[in-house]
Amino acid sequence: DILYRCKYSSLPDLKGRDYFFHTPFEMRDKVKSTRFAFNGFPSLYLTNSMVVGYRETRAASMNNFQGVKFQSKYPLSFLDIDYTKPEAGLKISNPNLFDLQLQVKGMIFPILFCCYCQQNDPNAAAPQEYIIPQFLVRWVQENNKLYSGIKYPSTRIEGANYEGEFYNLIIPPID
């Protein structure tokens, strides 16, 4: 897969390649809590499309928006927390896969529910909605032989102008 790391800066200068990687650990005090990252432990957010990166960064314009392309040398596996599965058409085309995906969705429903709750207080230092997703990332990080990260669908791409599967990936640091 080809993946993209996108960022939007209020400064007009072109950023170097290192700007797009994890925040260096000697600067961990600059890393704030996000849904899938603890304070001081940055997770690498990637996407499969530049348009998703643009929408996810909430860029005000194309000016100062940048992205870099990543391609892994090794196959990566992700814990897929896609709440949109199974697709309705799959019930006719592949009933066995439809049933399997529906069973998986039923088993992980509590995790899906916790990971997709809306943030109530944007000014909170550690919003309650982030607790379970952050522990899920910690579990992935500690069991990195099984999963490289977490995959979830983009919640910012909608409408008739977008076709295809748009998703985000979170890769936590190992060390």
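**Exercises on a predicted model**

Pro 86 touches Phe 98, Gln 101, Leu 102 and Lys 105, leaving out residues up to four places away in sequence. The model is predicted.

**Exercise 1.** Locate Pro 86 in the chain and decide whether Pro 86 is buried or exposed.

Solution.
- Step 1: Pro 86 sits in the loop that runs between strand S4 (78-80) and helix H2 (90-93).
- Step 2: Buried means under 20% relative accessible area.
- Step 3: The relative accessibility of Pro 86 is 14%, so Pro 86 counts as buried.
- Step 4: Leu 102, one of the residues Pro 86 touches, is 16 residues apart from Pro 86 along the chain, and their C-alpha atoms are separated by 6.1 Å.

**Exercise 2.** Work out which residues make up the largest nonpolar core and which element gives the most to this core.

Solution.
- Step 1: The core has eleven residues: Phe 36, Leu 79, Ile 81, Leu 112, Cys 115, Leu 136, Val 137, Val 140, Ile 150, Tyr 152 and Ile 170.
- Step 2: Helix H3 (95-115), helix H4 (131-142) and strand S5 (149-153) each give two or more residues to this core.
- Step 3: H4 gives the most, with three residues.
- Step 4: Apart from this core lies another, of nine residues, including Leu 3, Val 68, Phe 78 and Tyr 167.

**Exercise 3.** Determine whether Lys 151 is buried or exposed, and list its contacts beyond four places in sequence.

Solution.
- Step 1: Lys 151 belongs to strand S5.
- Step 2: Its relative accessible area is 18%, so Lys 151 is buried.
- Step 3: Lys 151 touches Phe 78, Leu 79, Asp 80, Ile 81, Asp 82, Glu 165, Tyr 167, Asn 168 and Leu 169.

Methods
Residues numbered from 1 in each chain as written. Predicted model: local features only at pLDDT ≥ 70, side-chain atom pairs only at ≥ 80, totals over all residues. Heavy atoms only, no water. Helix = DSSP H or I, 4+ residues; strand = E, 2+ residues; numbered from the N terminus. Buried < 20%, exposed > 50% of the residue type's maximum accessible area, 1.4 Å probe, protein only. Contact = heavy atoms within 4.5 Å. Core = buried A, V, L, I, M, F, W, Y, C linked by side-chain atoms within 4.5 Å.
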